[in-house]
Amino acid sequence: MTAISTQGLSKYYGTIKALDDLNLEIPDNAVFGFLGPNGAGKTTTIKLLTGFARPTSGKAQVAGEKIGDNNLALQSKIGLLPDVPAFYNWMSSREFMRFVGEVHHLPGSEIRNRTEELLELVELKKSGNRRIGGYSRGMRQRLGIAQALINRPKVLFMDEPTSALDPIGRREVLNLILRLRENTTIFMSSHILSDVERVCDMVGIIDKGKLVTVSSVEALQKKYAHSIFEMEFIENPGLFVESLKQITWLAEPAIVIVNGTPVIRVRAVDVNYARKELPRVISDSGLTLTRYELSLPSIEDIFVEILTNRDRQ
Amino acid sequence: MKGFAPLLRKEIREQIRTYKLVIVGSVFLLFGISTPLTLKYLPELLKFAGDEQMVIQIPPPTAVQSLAEYAGTIGQIGVLVTVLIAMGCVANELRSGTAVMILSKPVSRSAFVSAKLIAMSFTFLVSMAAASLFCFGYTVWLIEDTAVLPFVGLNLLLGLFLVFCLAVTLFFSSLFKNSLAAGGIAIAALIGQAAISAIPIIGKYMPGKLLSWGTDLLSGSGENYWWALAITVIVIVLCVYFSQRFLKNRDM
């Protein structure tokens, strides 16, 4: 089943194309990371998909509801964590959670149970009766996550969910996202690419309103894999590097020091041939191999590479 | 009007917890109590302030004079207070982001707007009822007895006029994210309607005529302005309708 699908979704502000012809299919229970530089169109996309902005053209469905038709039906099935969650400062977080539960028409007993369960989850149970006005940014972010989950949403939109959190808070939120994926599709935009890499199984990269690529993280890493092999040996690899220089299907072999250890890095001219033949060459060298890998790029490497290539074009 | 009941409960709690009810109530009570007291004791106050040789002839105050002066004060300062209280009701929520938090839930824009208007009206009507009770009590006690029904009629018309002012301000608050801009334009609009109320032919259709009608009830003279009353109600409904339309159509 598809949780989010868009066809030619576009949003123009005058002549500015904030979002141009977005076509996306996100399956149920996926964690989708939406990446892009500032002003790329990430927040516009979230606004369109949550019914806070009207598309100039195109259509979209979220959790089985067409956007723009009946936003009330859509909103009962989604949760939203805005980039800067705002609250009524005179309320306590417990009061706010109950209010949100009432707005979702949940029965009283479920509101009480969900409130306590979610405040526990985001570690705000002890401060649940304090006024939100006295909360730190991180506490507000955690409360924002809790309130977005009260209705057990089918699709959860999170705009920069970890940006205001310290490293421990970030880890907790990421673990929470991993747990939520069992029942919820998560659409998160983020600048913190290592977070995306850790929790997302699909990513989309957007630039200047245009979706540049969308793929699973693994497929993207394979597609943009550098043809670089790394090897570590117990013995000094100096002579072996010299012998690699004679092989025509390899290029630029060199020793680099990583964490005080000499590592051979070599680029394959033909990566598939090198995958088959390089282990035999290593075996013939008689050295004791401790590490051998075809290095995969991080999401950050891919992101930078894609956007740099686009700028060159 | 989905989500109206929890929104209204929240708005009324907000009126109480953010001290709006206390502030408006205190201001109105001050007018309600001070008007008959000032009228009654003005000659004594002037004696303390002035020269003993100076003679000022002040006719003894009447109940109608006291109640009409109270209504006049509410019709001026009270209107200013309605604008101050209502100018940020939607604009501040749009600016701070709480509107996005709430409207991302299954609540209709009309419930969001009308809950605000009803909660603010509650604050002003409760404050006005308390102030009027004190004003009437002090007037009867200090000045003279008078009929209660005309004063009730005056208060109903005055209350409706204040709800009209709240609705106009709420409408402008939905248009702008800046509460000062909303308040400024609302004041300009209310002054504009007051000016039009003074024009003989079309004035009798303007909401401002409710104030003259109320004062006329006290003296038992003057004419009824049913058209002004009907138009006031229509404008209130239109303000709510267009506020929610603007919220529905605007990108947040």
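Here is a short tour of this structure, stop by stop.

Before you click, know that this is a predicted model, where local features need pLDDT of at least 70, side-chain atom pairs count only at pLDDT 80 or more, and totals for chains, interfaces and linings use all residues. Residues are numbered from 1 along each chain as its sequence is written, while chains are lettered from A and ligands numbered from 1 in the order in which they are written.

**Stop 1: chain B**

Select chain B and colour by secondary structure. You'll find eleven helices and zero strands (helices are DSSP runs of H or I with at least four residues, strands are runs of E with at least two, and both are numbered from the N terminus). The C-alpha atoms of chain B fill a box of roughly 70 × 40 × 30 Å along the principal axes. Of its 252 residues, 45% count as buried; buried takes 20 or more other C-beta atoms within 10 Å of a residue's own, exposed takes 12 or fewer, partly exposed is in between, and C-beta atoms are placed from the backbone.

**Stop 2: where the chains meet**

Now show both chains. Here 19 residues of chain B are in contact with 20 residues of chain A (contact: C-beta atoms, placed from the backbone, within 7 Å). On the chain B side, α1 (4–17) and α5 (98–103) each supply at least two residues. The most come from α1(B), with four.

**Stop 3: the sheet in chain A**

Switch to chain A and pick out β2, β1, β4 and β5: in that order they form an open sheet of four strands with antiparallel pairing. Strands pair if DSSP finds at least two bridges between them. At the edges sit β2 (16–27) and β5 (65–66), each pairing on one side only. Zoom in on β1 (2–13) and β4 (57–62) of chain A, which pair over five bridges; S10(A) stands opposite S57(A) there.

**Stop 4: helix α6 of chain A**

Select residues 167–180 of chain A. The 14 residues of this helix should span 20 Å at 1.5 Å a residue, and its end C-alpha atoms are 20 Å apart, which agrees (the expected span is 1.5 Å times one less than the number of residues).

Which residues of α6(A) are buried? Show R170(A), V173(A), I177(A) and L180(A). They fall within an arc of 85° seen down the axis, so they line one face of α6(A); the arc is that of the directions from the helix axis to the C-beta atoms. Turn to the other side for P167(A), I168(A), N175(A) and R179(A), which are exposed.

Notes:
Contact = placed C-beta atoms within 7 Å.
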